[in-house]
Amino acid sequence: MIKKAAVLLALVLLLTGVLGISTAGAQDVTELTIWWAQWAPADFLQQVGNEYEEATGIAVNVVQTPWGDFYNRVGTEWAAQGTSYDLIVGDSQWVGQAVTQGHYVDLTEFMTSSGIADTVTPATLQYYGEYPVASGSYYAYPTEGDANGWAYRKDLFEDATNMADFEAAYGYALAVPQTWEELRDIAEFFTRPDDGLYGVGVYTQDDYDAITMGFENVFFSYGANWFDENYNVLGVVNSPEAVAALELYAELYSFAPPGTNDAFFQEMNDVFMNGQAAMIMNYFAFFPVLDSDQNPFRESTGFFVMPAGPDGERYAALGGQGISVNSYIDDARKQASLDFITWFAQEEIQARWAELGGYTCNINVLESETFLTQTPYNAAFAETMTFVKDFWNIPEFGQLLEPTQRYLSAYIVAGEGTAQEALDALAEEQDAVLIEAGVINE
Amino acid sequence: MSQISTVNSVETARAQRMPSKQRQVSDIRIVQLFILPTIILLILMNIFPLIYSLYLSFTNYSVIADVPPQWVGLQNYQTILSDTRFWQNFATTGSYALVSVVFQTLIGFGLALLLREKFRGKGLITTLILVPMMLSPIVVAVFWKLMFNPSVGIFNYLLGYTNINTSPEWLGDANLALWAIVIVDVWMWSPFVMLLCLAGLSAIPEYLYEAASIDRASAWFQFRRITLPQVMPLLLIAVLFRTIEAFKQFDLAMGLTSGGPGDVTETVSIRLYKLAFQGQYDTGMSSALAYVILVVIIAVSNLYIRALNKARGS
C-alpha cells in the first residue's frame, strides 16, 4: 500500500514538474528588470518601459546605479552570477569581458534572423554589440547611441569685433572649426583670462576613462590608433601621429579654464554655462541641459561635430551602450527579455525613444527630418554616429585603460615629461599586458 | 488540619516554581549561547575572508571571471616587491603619512594645550573644533575640492591670491596635489589628536605643577618634565591611530584627486582599489598587495606599541 502511494506520489511530482517546465514560458513573466546607469536616458527608458507594460501587461523596472559605481556593481553581480536583473544596458568596452566570461546571452541568431541587426547603423552594431571584431557575433542591441561632439557660443563667434580680430590674427574667417588646428587657433583666440573667458573645455578626469575618451577624438583623427591589424601596440600607440595628437590635446588644455584638471561631462557643462568657456567637448547625451533654461546662453549655443585631422580623417570617441540579456536568468525570462528587445527595436518605438530624448541607433529614425530637427544638436549627433571609433573592448580593456589614463593625465595635466616619453611608456605597459593576456606574442 | 493543608500547598507551590533539572541552563551554557553567535559571525565575516584572501594572494584569479584560481606561488608577491611603481606608491603613502601625522600631532597637541586653560566659551570652541572629524571623509573631499578650485574656490583667495591666472592649482599641480591632501587630512584629524591630548592633560594632578612652581621651575621645565611625560601615553595612542589611518588613506585622496594627476597622489590603498576593481579585477594580485600593506601596518604599529610601553614604563 505504502509502495503504491509512493509510486503515485512520484508520478504526480514528475507530471507536475514536466508540466511546470513545459508551461513555464515567457507568458508567465509579469515583470522585467533592466539595469542601467543613473542618468536622464534611463528615465526615458523607464517611460518607454511603461508603454511596454500598457501594450503587453509586462511591467518594466529600470534600476539605476550612479555612473561611478556602475561598473563595479556590475562586476560584483557578474562574479555572483546574479539574477537580480534580466537585461543590462552595458558600456561598449565591457562587451569582450562579458562575452568571454559568459555573462551575456548570444543574440546573433535572434538579431540576424529577425532583421533587427539591419535596422541600426553598422558602426553602432559593431561597437555596441559585436564581439570579437568582424566576427558577425552579436551580444547587444544598440540602445543609446552616443559620441563626443562640441558646443560653442555663437554670440562670441558671430561678434563683428571678434570676427575681424580673428581674421587679422590668423588669416582666415572665424567660423565653426573644420580641423583640429583651427579649433586650436580659436581656443587660443578666446583665451582671455582678464575677462574670465577661456577658449575650450576638454576632458581631463583620470579615475575611469574620461581623459582617454577626450584624447581619442584627436588621436583617431590624426590617423593614430590603439593597435594595428595584429593587435601590436609598440610603434602604434607611440607613432608620430599619436605624439602630434597628444601635443595638440595638451595645448588645448592650456586654453582651458583653471580648475578643470579633473573635468568630465558635468564640469564641461558647468564651465560653459557659467560663461568660462567658448567651446566645450561633451557626449551628446549631456547636451540637453544646454538646451534648457539652466543655460543662460541657451539662445546662442550652437553644436558642431568633431573637426578633421591633418589628412582630413574625422573620428569621434564612442560613448553609449547596448542592451544585453543576462545569461544567468531562466529560459522563460530570457525569452521575455528577447520579446522586449523585439518590441523596442521597432521603428515606431525607436522614434518614440528618440522623441523622449533617447539617442536611437535606428538608421531610418536617425535620417528622418523629425529627428534631425527635434533638438539643436540632433543633426550633429546623426552625422557623428557615422564616424565613431572606440577604445579596446577585449577582456583586458581595464588593464589597458588604467595606464592610458595615468600617462595621459601625467603629461596633459601635470605636464610631466614629453608626449613622446608618455606614449613610449604607455606602449610598453600595454604591450606587457597584451603579451601576458596572450593577445600577442612576445 | 488547616495547618497541614497550608504546609502542603506551600510545598506544592514551591515545587511548581522550582524548574526541573532538565530545564536548568548552566552559566557556562549561557556564556556559550551568547558568545557562539559572535564567534560564528567573526569566523564568517573576518577569519574566513582573511584566510581565503591569503590563499587567493598565491593565485592568479579574477573574481568576475568564471575561471577557478590558479596557484602561482609567490609570483604575485615577487611582482609587487620588484615593481618600482609599487614602491613609488609606498613612498607616496609614507611621505604623506609622515607629514600628515607630524602636523596633526603638533597642531592637535598645541590646540589641547590652549584649550586646557579656562576661558569663557571653552566648551563651544572645543565642540566646534571637533566638527571636522565628525564629517564623512567623502563629503569633506567634495567641499575641499570646491574650495581648492582656482576659479570659484575660496582657498587661494584666503591665501591672498586674487588673480586666478597666477593662483596655484592645488589639485592639478604635481608638486602641490599631495600637499593639498595633507592640508585636508590635517584639518580633519588634528581635532582627534587634540581630543586625546586633552584627556591626558586633564588627568595630570595639579599638585605636580604647584610643587614645581614652589621649586621655581620654569614653564619650559614644567612642560618637559611634567606635561609631556604625563601626556605621552595618550599622545602615542593618537599617533598610532593616525599613522595606521594615514597608511590606509583612501577616501579623502580618492575624492580629491583619484590618485592624479598621473599617479603622484596614488597611495597604496588607491592602487589596491584600482587593481581590485576599476576594470582590472586582479583579485590575486590585489590580495597579495593587501597582505603587504597589512604586514607594513603591523610592523609600524609594533614600533609604536614598543614606544608606548616604554613611555608607560618610564
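**Close-up views of a predicted two-chain model**

View 1. Residues are numbered from 1 along each chain as its sequence is written, and chains are lettered from A and ligands numbered from 1 in the order in which they are written. Helix 10 (residues 210–221) and helix 18 (residues 397–412) of chain A pack at about 75°, their axes 8 Å apart. Axes here are lines fitted to C-alpha atoms, for helices over the stretch in contact, with angles from 0 to 180 degrees between N-to-C directions. Helices (H or I, at least four residues) and strands (E, at least two) are DSSP runs numbered from the N terminus. Look for A:Ile211, A:Thr212 and A:Phe215 of helix 10, which meet residues of helix 18 including A:Leu401, A:Leu408 and A:Ile412. Nonpolar covers Ala, Val, Leu, Ile, Met, Phe, Trp, Tyr, Cys and Pro; charged covers Asp, Glu, Lys and Arg; the others, Gly among them, are polar.

**View 2. Helix 18 of chain A also gives 8 residues to the side of chain A that touches chain B, the largest share.** Across this interface, 27 residues of chain A are in contact with 26 residues of chain B (contact: C-beta atoms, placed from the backbone, within 7 Å). Helix 3 (67–79) of chain A joins helix 18 in giving two or more residues. By class, this side of chain A has 11 nonpolar, 10 polar and 6 charged residues.

**View 3. Strand 8 (residues 316–325) of chain A is mostly covered, with 10 of its 10 residues buried.** Buried means 20 or more other C-beta atoms within 10 Å of a residue's own, exposed 12 or fewer, and partly exposed in between, with C-beta atoms placed from the backbone. Strand 8 pairs (at least two DSSP bridges) in the antiparallel sense with strand 3 (residues 87–91) over 5 bridges, where A:Val89 partners A:Ile323. Strand 4 (residues 141–153) is likewise antiparallel to strand 8, over 6 bridges, and here A:Ala147 partners A:Leu318. Strand 9 (residues 388–389) pairs with strand 8 in the parallel sense over 2 bridges, with A:Ala316 opposite A:Val388.

**View 4. B:Arg312 sits in helix 13 (residues 283–313) of chain B.** B:Arg312 counts as exposed because it has 10 C-beta neighbours inside 10 Å.

Terms used
Predicted model: local features only at pLDDT ≥ 70, side-chain atom pairs only at ≥ 80, totals over all residues. Contact = placed C-beta atoms within 7 Å.
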